[in-house]
Amino acid sequence: MFGLTGIWNVLLIILLILISLSFIVTILWLLLPRVYSHYDGTRSDATFDPKRSLRSVIPETQISQVSQTQTSRILLKMDSKNHTYSVHFGDGRAFTQGIVRIHYQSNFYSSFPKDGEKILDFISETVTSKTHSLGKCEKTVWIWHIPQTELEFATSFLYFQDKDYIIFESNFEFIPIEELATGAFEKPSFVFPSFLNQSPNRRIITFKNSKFAASQRNFRFALAPVMFFDDQTNTILLSSLDHHLTNGIAKTPLKESETESKNEYRVECGFNGEVISVPQGHSHQFLLIVHQGINTTFNYWGDLLRKYYNVERKDRYSDVANSKLGYWTDNGAFYYYLPMPGKKMDATLIEIEKKAADLEIPFQYYQLDSWWYQKSVSKWIRSLLGWLGRIVGGGLYGGTHLWEPDSTYLDISLEDLHQQLNHKPFIAHNRWYSDKCPYIKRFKFIVENNSAMPDDPKFWEYLMEYCKKNHIQVYEQDWISTHYKKFSQFRTTLGFGERWLRDMASAAQKKGITIQYCMATPAVMMYSLQFPNITNIRASDDYAARWLHMYDVPYFTQTSMLVHALGSLPFKDTYHGTRIGRFTGERCPELMALISNLSAGPVGPGSPVDGFNVPILHAMCRKDGLLHKPDRPLTPVDSMFTPNSLYYVCSTESKHSSHTWYYTLTANFWPKRVKQKNYALSVLGIGENVVEYDWFTQDLRKVIKGSESESELELEITQDLKFEEYKYRIYAPLHARGYALVGDPTKFVMLNDQEFTDVKYGDSELEFTLNNVENSESPILIYSEIVPKTITIDGEVYDFSKTASVKELTFTQYDKNSKKLTFTVEFSSQTQKLVKIEFVVFSGVDLAGYSVQQGQVAGGKRVCITAFCRQGRPSVSIFQINLFAFAVGKHIRNPIL
């Protein structure tokens, strides 16, 4: 009996332990999103944080200089006696004490040696005129010699007269140099240029040398552009022009013996500390830009890089990924490594296609993530991983064994799956390779750290031919940052990484395949500029419906600045479209869809089959799946990076002729930061009177710029948002007559350039061309303070004074109270229609409204028309004109004007 009691006690203890563990795991599961988002979100964000005071960023001696003017021209000063140099861009604004340094055989040699460094021998100086791809310049070359060796190299200044940029070039044409490495990646082995930052431009934006290139406010060694700016968004931007994977920028704090001020540092550009040697003939360049504005400077930098490489910005509709709505199965998607019960992934996708057809959701491609091909981890281990594999990610499944269908998830071939998905093409994922993959026997591979990667152009040709045969139109190269970590040649060997990326892109281009980079570092993103078929880049970490959006939205919108500047399109990643799931569902599905659509890149929902948000999916695309996009990705407004206490504000736009439509997202991600809940048009960079439309509430109102105001108008946009609440507003340009084309109210991007073209604002007429597919319709919303007179569709006229209808036009009466004019243009056969709206105008006076009264008088009926008019600017008070006429029979005579 005692023994039985003891057993029950043991079982009870075990049960209590299991209950306690379950309770702890549940608490951790619930708290994890908030802890992770807060911890990692603050490290993946370059916006202003009030916890960092101005004095902690800018030295005490330079706080008074913040307001001083920055010039738009660079003045280069070179001291030929001391062999130092400096760059000046305004009073009290300079990068000074420029030096040259190289590490060779465990010793540092410097043009201005300190702390045990040895001196570099200066040999000669030459000055010549040169024509560079960025313009005519004066090139000054300094030749250096490492003492007691035969080693020489050159450093050059390419000075462009009256320009706001300068290039620093290093050349090793004389002889190769070995034994360069310092042993520490973040401690450069060769440095030129190198400066002290003697300016108020002390705030920083750069991007982490890790997966998805998250933005950051500070850095130690960046293989990315680095922007220094002040509170007036005067900027200096430094970046490599080539060899991005090995050339970076270090921020090295000065020692106490070198400075009397705190926060002083040296900015050093050159090789990372793991570079072993420099081959003979090697050269590289760094670019320094002086400019104004955060977004503007990044875009200007990208323009200069494209000019340097003679390439164009990627078309927003360049391939199926960028142009059409698709369905995704990657990490974060509902069916990531999780088919429907009783089915495999092929049957799951076929079921999704059927459901989408029933709901009229126009998916035009399917993304096949890492589940589709054979990997190195055994099946029994994969079964053991179970749900853990979904949570931690596909990395647990090992490297690629064969990039061919895995029977665990697919019973049919890609060809058969393509047929059963109504001939929809694929985007197909890939990663690094297993060191035991069969490809190693056929092609040249590098094997390191129990992994392998191809180093053979013939392999890429083989792989892209496989893509072409199996309807894979977009090749997704994932785990790129993992390649950088696993394979040392990316870090140690100049030109290796560039060759690997070029072999991949060239082979794909020959077969008509485009590429998405995933988990790319900023340096890899910079290389994408050179390859026309790298069309989109993931710009955020893996989606998780449980993460707080204080993490993923700032992350994505800020990295989008980099991707856009480089001429590619950012991909937000997949998302869930509904709130399905008590603890695992998406809290803000409309926000996720909106962010995806405003990215101007791919849109890839990964919702469960019973969780499609159909109206929201339709709000992003045309009936045939063509995406309706803004002109550029959604990015934070400049005010987010300077001292502020606003909500998080991002914007993008559509441009038509001389007019701009602004799309603005305002969200509350950091409630403790927000002290100012309103914002003015100037925060958005809007300098004109506009009409504001709240997309979700459908409220429409006028917002004016400057000091002019009427009682019903407000200069500031007001809001009061709780945590994770947001507002999406469209700002349409307001004509002086008091009308504005707001756009298609059923689309997020209301004035997208696929639906609207040739928009013209006239003095009494609004004209635009509508584009759509057959058997579809385009609803139109117009704000008008003056009465519309006629609507003309391809020459057919609807007259407001008549009741006759116009073919293919559904009309809703103009509402003078809300000032909304709405109608729908139907497309039965044509795909393009010219629309004109004419407004009632009396001799330069706008008709704001009218009423008609009739009365019996001698000789017939007297008609009194009361017209409410507005002359000139909308701010002039409304006045009244009475028109009298006598009606005899069917004729009107003797009007009294």
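Me: What do the buried residues of helix 5 pack against?
Reply: Strand 20 (366–368) and helix 8 (414–420). Packing here is contact, heavy atoms within 4.5 Å. Buried is under 20% relative accessible area, exposed over 50%, partly exposed in between (1.4 Å probe, protein chains only). Helices (H or I, at least four residues) and strands (E, at least two) are DSSP runs, numbered from the N terminus.

Me: And the source?
Reply: It's a predicted model: local features need pLDDT of at least 70, side-chain atom pairs count only at pLDDT 80 or more, and totals for chains, interfaces and linings use all residues. Numbering starts from 1 along each chain as its sequence is written, and side-chain values use heavy atoms, leaving out hydrogens and water.

Me: OK, which residues of helix 5 are buried?
Reply: M345, D346, T348, L349, I350, I352, E353 and A356.

Me: How far apart are the end C-alpha atoms of helix 5?
Reply: 20 Å. Helix 5 has 14 residues (345–358), so at 1.5 Å a residue it should span 20 Å, which agrees. The expected span is 1.5 Å times one less than the number of residues.

Me: What comes just after helix 5?
Reply: E360, with a positive phi of about 60 degrees.

Me: Which residues other than glycine have positive phi in loops?
Reply: Y337 is one of them, near 55 degrees. Y337 sits in the loop between helix 4 (320–323) and helix 5. A600 is another, at about 65 degrees. A600 lies in the loop between helix 15 (589–598) and helix 16 (614–618).

Me: Is Y337 buried or exposed?
Reply: Buried, with a relative accessible area of 7%. A600 is buried too, at 0%.

Me: Where's the cis peptide bond?
Reply: From F192 to P193, with omega near 5 degrees. P193 is in strand 11 (residues 190–198).

Me: Last one. Which residues touch the most other members of the largest nonpolar core?
Reply: W301, W403, Y517 and L741, out of 193 residues. Such a core is a set of buried Ala, Val, Leu, Ile, Met, Phe, Trp, Tyr and Cys joined through side-chain atoms within 4.5 Å.

Me: What's W301 in contact with?
Reply: Leaving aside neighbours within four places in sequence, W301 contacts P225, L237, S239, L287, I289, M526, L562, A565 and L566. Apart from that core lies another, of 44 residues, including Y85 and V100.
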